Amino acid sequence: MKQTRRLISSIQKEREMANIQGSSSPMIGGDGSHSYAKNSTFQKAVLDAAQGWMNEAINDKLDFTVLDFDSSNPTFRIADLGCSTGPNTFFAVKNIIEAVEKKYQTHFQKPPLIEFQVFFNDFNGNDFNILFKTLPSYQNYFAAGIPGSFYTRLFPKSTIHFAHSSYSLHWLSKIPPEIVDSNSPAWNKGSIQCTGYSKEVANAYLGQYKKDVNMFLNARAEEIVGGGLIVILIGGRPDGIFMSQTSTGVVFDLLGASLAEMANLGEISDEKMNSFNLPVYYATPKEIKEIIEENGHFSIEKMEQVTHPMVMAMKMKNMSILEIVVSSLRAIFEKIFTEHFGNEEIVNKLFQRFAIKLQEIYPGFHKIINHCIEHFIFLERKI
């Protein structure tokens with residue numbers, strides 16, 4: 001009984017330390033025209049671009065002997081962290097299972113049938129209804145939903161063999177308080193992101209990012225078996241490039257400029273404008289590598305830059321870059337804007353202004369696409 005109480009207390013303490021900002025997913029649920037499920041083609045293109053590395057890494061590094069895998073009762077457990085509402089999570093899981101099955105068949109002679117248990121994780125407010133409603137009928141695994149922030153413990157110790165997280169780890173657990181403090185040198189007045197031009201703001205964002213990634217890695221170190229693997233796909237920027245010099249950063253600045261215009265017109269207050277910041281940080285390869293190495297629980301087995309998949313996304317949806325950017329950003333950020341400004345009509349006006357501004361710079365937008373990169377990171381849990 002005392003051990004149970006201590007375990008419950010420990011889990012509660014971890015969740016309190018994480019201090020997660022809200023419990024709802026920022027993504028738009030359902031399957032409507034603005035939903036994430038209908039507007040995540042770019043993220044799917046990232047998965048497709050990295051699939052070859054994923055298969056290669058599993059084939060080279062997955063070692064059932066090191067995992068102490070019980071071939072007499074084989075159950076392989078996979079966690080997708082930050083799954084949202086699909087369908088991308090289903091594609092990712094399908095690719096992982098196919099690669100693991102192939103390695104399993106070559107590792108054991110006449111092995112018994114391997115079974116898979118897949119845990120789909122996201123915030124408590126994620127639309128798990130639409131996720132499981134659209135669960136493919138052909139799935140060859142046992143599925144379960146795990147609500148909660150991945151910056152905290154989600155699973156019992158040493159129970160997960162493979163973890164996957166795509167386009168999620170750039171979300172901060174909270175906005176650094178100093179960037180919304182008018183008395184702080186890191187006050188981010190006039191901007192909604194970490195542009196990179198203010199050293200104080202950049203240090204505040206990076207400091208929060210380091211804390212969050214360490215919480216993520218520490219939690220996974222408890223849950224993943226020795227020799228277990230993690231694949232992380234995440235947006236980022238090249239070393240030496242400020243965020244506002246990337247295509248994503250330019251887009252965020254346009255969103256900020258649209259809000260500033262609305263404030264000048266009295267459609268929103270200056271206070272609301274200056275207290276809003278996007279809770280995301282796009283790290284450089286150097287920053288990510290240093291954080292993982294200093295954490296010490298995982299070894300970096302592979303770290304690559306994914307070829308920018310915007311062209312691939314355009315072909316998949318038969319849409320222009322402008323259309324994909326607007327629809328994707330609205331699916332991702334609409335709830336955050338609505339919760340902060342408290343009015344859906346304001347959000348409609350915001351994205352109307354944003355689309356006009358994006359159209360104005362559209363002819364030169366192609367030139368900065370390659371200034372934004374996607375990181376492919378493959379980690380192994382140290383034994």
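Figure 1. A cavity is a set of grid points, taken over the protein atoms alone, where a 1.4 Å probe fits but cannot get out. By this rule the predicted model holds 4 cavities of 30 Å³ or more. The second largest cavity contains about 60 Å³ of space, and the residues that line it are Leu169, Tyr209, Val213, Leu217, Ile232, Ile234, Ile288, Ile291, Ile292 and Ile377. When this lining is sorted by class, it divides into 10 nonpolar residues, with no polar and no charged ones. Helices α5 and α8 and strand β5 each supply at least two residues of the lining of the second largest cavity.

**Figure 2. The second largest pocket and its lining.** About 260 Å³ of space lies in the second largest pocket. This pocket is lined by 18 residues, of which Gly196, Ala202, Arg237, Tyr281 and Glu287 are the closest to its centre. Helix α5, which covers residues 199-223, gives the most to the lining of this pocket, with 3 residues. Sorted by class, the lining of the second largest pocket has 10 nonpolar, 5 polar and 3 charged residues.

Figure 3. Strand β5, residues 224-236, pairs with β7 in the antiparallel sense over 8 bridges, and glycine 236 stands opposite isoleucine 373 of β7. Strand β6, residues 298-306, also runs antiparallel to β7 and is joined to it by 8 bridges; here isoleucine 300 has leucine 379 of β7 as its bridge partner.

**Figure 4. The largest nonpolar core.** In soluble globular proteins, nonpolar side chains tend to be buried together. The largest nonpolar core of this model has 39 residues, and Phe76, Phe120, Tyr141 and Phe162 are those with the most contacts inside it. Several helices and strands each supply at least two residues of this core, among them α2 (41-61), β1 (75-81), α3 (88-107) and β2 (115-122), as well as β5 and β7. The largest share of the core comes from α3, which provides 8 residues.

Figure 5. Helix α10, made of residues 321-341, has a kink of about 55 degrees that is centred on phenylalanine 333. This helix is mostly covered, as 17 of the 21 residues of α10 are buried. Directly after α10 comes glycine 342, whose phi is positive, near 70 degrees.

**Figure 6. Glutamate 290 in helix α8.** Glutamate 290 has its place in helix α8, which covers residues 285-295. Is glutamate 290 buried or partly exposed? Its relative accessible area is 35%, which lies between the cut-offs of 20% for buried and 50% for exposed, so glutamate 290 is partly exposed. Although glutamate 290 and lysine 210 are 80 residues apart in sequence, their C-alpha atoms are 9.6 Å apart in space.

Key:
Residues are numbered from 1 along each chain as its sequence is written. Side-chain values use heavy atoms; hydrogens and water are left out. The bend at a residue is the angle between axes fitted to the seven residues ending there and the seven starting there. Helices (H or I, at least four residues) and strands (E, at least two) are DSSP runs, numbered from the N terminus. Buried means under 20% relative accessible area, exposed over 50%, partly exposed in between (1.4 Å probe, protein chains only). On a 1 Å grid over the protein atoms alone, a cavity is a set of points where a 1.4 Å probe fits but cannot get out, and a pocket is an open set with protein on both sides within 12 Å along at least five of seven lines; lining residues have an atom within 4 Å of a point. Grid points are joined across faces, edges and corners, and a volume is the space filled by probe spheres set on the points. Ala, Val, Leu, Ile, Met, Phe, Trp, Tyr, Cys and Pro count as nonpolar, Asp, Glu, Lys and Arg as charged, and the others, Gly among them, as polar. Two strands pair if DSSP finds at least two bridges between them. A nonpolar core is a set of buried Ala, Val, Leu, Ile, Met, Phe, Trp, Tyr and Cys residues joined through side-chain atoms within 4.5 Å.
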